[in-house]
Amino acid sequence: MSRQITTTDTTLDVRDLRMSYGTTEVLKGATFSARKGEVIALLGPNGAGKSTTIEILEGFRMRSGGEVEVLGTDPARGDETWRSRLGVVLQSWRDHGKWRVRELLAHLGEYYAPYREPRDVDELIAAVGLTEHGHKRAGQLSGGQRRRLDVAIGIVGRPELLFLDEPTVGFDPQARRDFHDLVHRLADDENTGVLLTTHDLDEAEKLADRILILAGGRVVADGSADELSRQVASESEIKWTRDGQRFVHAAADATAFVRGLFAQYGDEIADLEVRRATLEDTYMEMVRRFESGQDEITELPFQEALR
Ligand SMILES: Nc1ncnc2c1ncn2[C@@H]1O[C@H](COP(=O)(O)OP(=O)(O)OP(=O)(O)O)[C@@H](O)[C@H]1O
């Protein structure tokens with residue numbers, strides 16, 4: 001019997017999601033959920049089905065099977081009121097080329113007016129760093145500027161839940177940092193939930209409360225960057241120098257090991273480094289396990305996180 005969703009705190013509830021294109025099964029039973037205001041990064045190799053998943057959740061694509069609720073509604077049956085509560089930034093969105101930035105945002109904002117007050121256009125343009133380009137036509141913007149406009153379009157209606165499909169592709173480092181600040185502000189100040197896809201693991205780690213890794217059509221990992229790294233690498237790597245010689249040691253309890261090291265050698269210890277698995281190490285290991293056929297979920301230590 002399927003679980004009854006009653007908590008209003010759950011914004012996304014995806015169970016056994018399946019999707020086939022013709023005879024190709026892309027999603028084979030993906031399961032995950034999200035709570036109000038959570039920022040979730042969906043990671044996975046090219047072709048894993050991230051965009052497909054997001055498009056199903058947005059109601060743009062019909063799923064082949066499984067149960068999905070987004071803000072308490074099945075996206076396949078979402079109406080305009082439901083849609084007005086979502087913000088969407090697709091992977092490639094090249095419409096509206098002739099519209100000027102300011103006019104386009106004001107125009108799109110009007111769609112939300114029956115439901116709630118749209119964001120002030122000037123504030124919105126400033127928030128995405130397009131103040132100097134507000135008079136330009138969308139088609140005249142650079143790739144990164146166009147992407148900033150996409151983000152502005154996604155948040156003009158003050159969404160409760162924002163879907164961002166590779167939002168920072170083409171962003172320069174400053175734009176990327178501004179975007180990260182914007183997502184933090186949306187989550188912290190407005191309790192906006194975010195589901196974003198990215199191939200930038202540093203970005204995922206900076207932004208996400210929780211990381212999902214999609215591989216082989218299933219969610220093979222679900223947890224914070226720290227939790228995932230502990231599941232993959234139970235030991236930390238400790239490096240130090242003594243008497244001009246470099247040492248490396250792996251220990252499950254790095255703090256206890258370092259304490260012992262100092263108790264024994266004190267001031268002789270120099271250049272100490274303690275390194276736990278990075279998200280990149282973790283991601284590569286989890287995808288490797290999947291690709292090497294050790295993807296039987298029941299055998300993996302992160303199984304508990306999936307319950
Ligand atoms: N409209 C479609 N018709 C047929 N196959 C499709 C369609 N859209 C996607 N696919 C296939 O489904 C698989 C998953 O695609 P999807 O775009 O969801 O992956 P992704 O994880 O977002 O990849 P990327 O990281 O490259 O953006 C791919 O093999 C892709 O070729």
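I started with helix 9 (residues 254-265), which has 12 residues. From its first C-alpha to its last it reaches 16 Å, close to the 16 Å expected at 1.5 Å a residue; the expected span is 1.5 Å times one less than the number of residues. Helices here are DSSP runs of H or I with at least four residues, strands are runs of E with at least two, and both are numbered from the N terminus.

I noted that this is a predicted model, where local features need pLDDT of at least 70, side-chain atom pairs count only at pLDDT 80 or more, and totals for chains, interfaces and linings use all residues. Residues are numbered from 1 along each chain as its sequence is written.

Is helix 9 buried or exposed? I found it hardly covered, with a count of 0 buried residues among its 12 (buried means 20 or more other C-beta atoms within 10 Å of a residue's own, with C-beta atoms placed from the backbone). Gly266 follows helix 9, and its phi is positive, near 50°.

Then I checked one pair. Strand 8 (residues 210-215) and strand 9 run antiparallel over 5 bridges, and Ile213 has Ala221 in strand 9 as its bridge partner.

Note on methods
Pairing = 2+ DSSP bridges.
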